[in-house]
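Here is a structure to look over. The questions below ask what lies behind the words used for it.

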Amino acid sequence: MILLGVTGGIACGKSVVSNILKEKHDAYIFDADEEAKKLLFTEEISNLVLVAFPELETITPESLAKVAFKDKSSQDKLNHIIHPAVGKEALKRIEEINELGQYSIFVIDAPLIIEGSSYKNYKEKGVIIILVTAPEDIRMERALSRGNLSRDTIEDRIKLQWSDEKKKEYANYVIVNDSSLDKLETKVENLINEITNKNN
């Protein structure tokens, strides 16, 4: 089973790449954001978050977003709680899915694979890191078109994330998503062929 980590900044198209892999190659997708939301509501993680952020009375996606994206130190504090738990769950899921034997590709879809504390564990497990990038103006346009975030909020999130140049140093492959969906599908297809040939 080929293990892929698909990552990239806000509105770069990483989840689109994961969806292409799911639709065209029947890949199993481990959505780190979704898994993090589930873990947040477990008693163990909830308690850790409430201790770390005493200003929170309850944990909701909205209240967490306010503290997490307030500044770099708040984001780091939350990530230090969430990332190890998500990383542990991903590695456990890889074993479970591998035993089933029905998937040839396992994808970890996560915005902060490279910055996160699980990066080293993923690399040791043989996860191939694919960084999806796009120019900042295109990302801004895409993020605004979703209609759920303001320009200021998007800019704040971009500032809190590592630059693509820095992330490229850690990635095995880079996909530039600056054009149409058809062209992105072609790039993904070519990359999967290359990875598959190398792993055969």
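Q: At what angle do helix H7 and helix H8 pack, and how far apart are their axes?
A: Helix H7 (residues 136–145) and helix H8 (residues 151–160) pack at about 135°, with axes 10 Å apart. Axes are lines fitted to C-alpha atoms, for helices over the stretch in contact, and angles run from 0 to 180 degrees between N-to-C directions. Helices (H or I, at least four residues) and strands (E, at least two) are DSSP runs, numbered from the N terminus. The model is predicted: local features need pLDDT of at least 70, side-chain atom pairs count only at pLDDT 80 or more, and totals for chains, interfaces and linings use all residues. Residues are numbered from 1 along each chain as its sequence is written, and side-chain values use heavy atoms, with hydrogens and water left out.

Q: Why are H7 and H8 called oblique to each other?
A: Angles under 35 degrees count as roughly parallel, over 145 as roughly antiparallel, 65 to 115 as roughly perpendicular and the rest as oblique. The angle here is about 135°. H7 and H8 are therefore oblique.

Q: Which residues make the contact of H7 with H8?
A: H7 supplies Glu-136, Arg-139, Met-140, Ala-143 and Leu-144. H8 supplies Arg-151, Ile-154, Glu-155 and Ile-158. Contact means heavy atoms within 4.5 Å. By class, five are nonpolar, none polar and four charged. Ala, Val, Leu, Ile, Met, Phe, Trp, Tyr, Cys and Pro count as nonpolar, Asp, Glu, Lys and Arg as charged, and the others, Gly among them, as polar.

Q: What makes H3 and H5 roughly antiparallel?
A: H3 and H5 pack at about 165°, with axes 10 Å apart. The cut-off for roughly antiparallel is over 145. H3 and H5 therefore qualify. The H3 side of the contact is Ile-45, Leu-48, Val-49 and Ala-52; the H5 side is Lys-77, Leu-78, Ile-81, Ile-82 and Ala-85. Eight of these residues are nonpolar, none polar and one charged.

Q: Which residues have the most contacts inside the largest nonpolar core?
A: They are Phe-30, Ile-45, Val-49, Leu-64, Phe-106 and Ile-108, in a core of 35 residues. H5 gives the largest share, eight residues. A nonpolar core is a set of buried Ala, Val, Leu, Ile, Met, Phe, Trp, Tyr and Cys residues joined through side-chain atoms within 4.5 Å.

Q: Why is Asp-26 called partly exposed?
A: Buried means under 20% relative accessible area, exposed over 50%, partly exposed in between (1.4 Å probe, protein chains only). Asp-26 has 48% relative accessibility, so Asp-26 counts as partly exposed. Asp-26 sits in the loop between helix H1 (14–25) and S2.
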